[in-house]
Amino acid sequence: MRTQVAIIGAGPAGLLLSRLLALQGVDSVVLENRSRGYVEARIRAGILEQHTVDTLTDAGLGDRLHREGMEHRGIYLQHPGTRHKLDFPELCGRTVWVYGQTEVTKDLVKAQLDGGPPLLFEVSDVTLEDVDSDTPRVRFTDADGVAQVLDCDVIAGTDGFHGVSRPVVQAAGGRTWERTYPYAWLGILADAAPATDELIYAWHPEGFALYSMRSPSVSRLYLQVDPAERIEDWSDDRIWENLSRRFALDGWEISTGPVTEKSILPMRSFVSTPMRRGRLFLAGDAAHIVPPTGAKGLNLAVADVTLLAQALVRLLTEKQADLADTYSDRALARVWRCTHFSWSMTSMLHTSGDDFDAQLQLAQLQRICSSETAARELAENYTGLPVG
Ligand code: APR
Ligand code: PHB
């Protein structure tokens, strides 16, 4: 088999890259080791930055997003007794959209299978070869158990944190940075109409809580818990009790309903540099992980592939390597900005049991709730800084 770009992994990064390349006449083949059902069922976050919505819309993938997604004009920051709204259009002229990453992935898979470039599910034994040459290749076993070889000009490593691509880059040198947090998120999906018009990020002495949603009838809520907690120890009643306490506000009631999914998510920040080795380019979770507090995971993957698509189109159609040669540095500049924002939101909103920290966190929250300058800084980062 032969193609121009071999893409490893059919998550949002790999699928969107294949789409952006196809729109500019560059061929690709996407190799995914899981089944379609598995890829489309993964529960992930759901906030889309302005540029992500624009990129999906410009790529012809915005119909269902605009029909079923919800445009949000701000968030609430809460600490005991106070719930303060940040008005994003007023602060920075941008908004965000609530539309589950699961839905984005379904739209991408549907578009890919509907006349898009080849997408092979349930492949295995993916190995990358000759990435330092201009003729790299990918060996893999297809879903029928047949050994295959895919010759290409470029390999895109969009195979997530546990993929095979990053280790190949790291084998030629580079380094990684990691910060693990002493807390985790217990997340639930519930058939309950959200009792809030905007997301609520709540600081509480018992721990952080986030009130998000998926639709006018489905709520998505998170609780800060100890990473050692086991989901089986958390009955739905216990979860709702803790959520009610952390969001408590006079005259306001949380709305409960049947919990349809619950899980505990670890939290870490991770950055791997460089994001390129020869003809192998990394994008998305393959190169970096952010804690979910800043809602940056998916948006950073979209920003990476926006830059990578531009660089590969120029390399493969105009034989110009300038954007490809600076891709890693340009992508990492935004990765560190978003890593800092996600770390600062996480550090400001999660309790660590240290009283002095608690006072510092409340002082910073009160600053953001009373200063337009501080609120604008958060709003600009949350809604998404320009790409490139
Ligand atoms: N061969 C083929 N496919 C692989 C391999 C492999 N060896 N290893 C992993 N994959 C696939 C995974 O099954 C997954 O479908 O690569 C895909 C990577 O997708 P994601 O993990 O979703 O990563 P990415 O596309 O970068 O999206 C980042 O996902 O985790 C969220 O918060 C994160 O929102 C961010 C987004
Ligand atoms: C979500 O809706 O799942 C969500 C929203 C905002 C976050 C994290 C997750 O910061």
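**Reading two ligand sites**

User: What lies 2.8 Å from an oxygen atom of ligand 2?

Analyst: A polar side-chain atom of Tyr 201 does. Keep in mind that this is a predicted model. To read a polar contact, look for a pair of N or O atoms within 3.5 Å. An N or O atom of Ser 212 is 2.6 Å from an oxygen atom of ligand 2. For Tyr 222, the distance from a side-chain N or O atom to an oxygen atom of the ligand is 2.5 Å.

User: How much of the accessible area of ligand 2 does the protein cover?

Analyst: On its own, ligand 2 has 280 Å² of accessible area, and the protein covers 100% of it. Ligand 2 sits in the largest cavity.

User: Which strands supply at least two residues each to the shell around ligand 2?

Analyst: Strands S14 (199–202), S15 (209–215) and S16 (218–225). S15 gives the largest share, 3 residues. By class, the shell has 9 nonpolar, 3 polar and 2 charged residues.

User: Now ligand 1. Which residues come nearest?

Analyst: Glu 32, Arg 42, Gln 101, Asp 285 and Leu 298, out of 24 residues around ligand 1. Gln 101 places a polar side-chain atom 2.6 Å from an oxygen atom of ligand 1. Asn 33 uses a backbone N or O atom, 3.2 Å from a nitrogen atom of the ligand. Alone, ligand 1 exposes 710 Å², and the protein buries 88% of that.

User: Which helices each supply at least two shell residues here?

Analyst: H1 (12–22) and H9 (297–317) do. The largest share, 3 residues, comes from H9.

Note on methods: Residues numbered from 1 in each chain as written. Chains lettered and ligands numbered in written order. Predicted model: local features only at pLDDT ≥ 70, side-chain atom pairs only at ≥ 80, totals over all residues. Heavy atoms only, no water. Polar contact = N/O pair within 3.5 Å; in protein donor to acceptor, adjacent residues only side chain to side chain. Areas by Shrake-Rupley, 256 points an atom, 1.4 Å probe, with all protein chains shown as cover. 1 Å grid on protein atoms, 1.4 Å probe; cavity = no way out; pocket = protein on both sides within 12 Å on 5 of 7 lines; lining within 4 Å. Sits in = over half its atoms within 2 Å of the grid points. Helix = DSSP H or I, 4+ residues; strand = E, 2+ residues; numbered from the N terminus. Nonpolar A, V, L, I, M, F, W, Y, C, P; charged D, E, K, R; others polar. Near = heavy atom within 4 Å.
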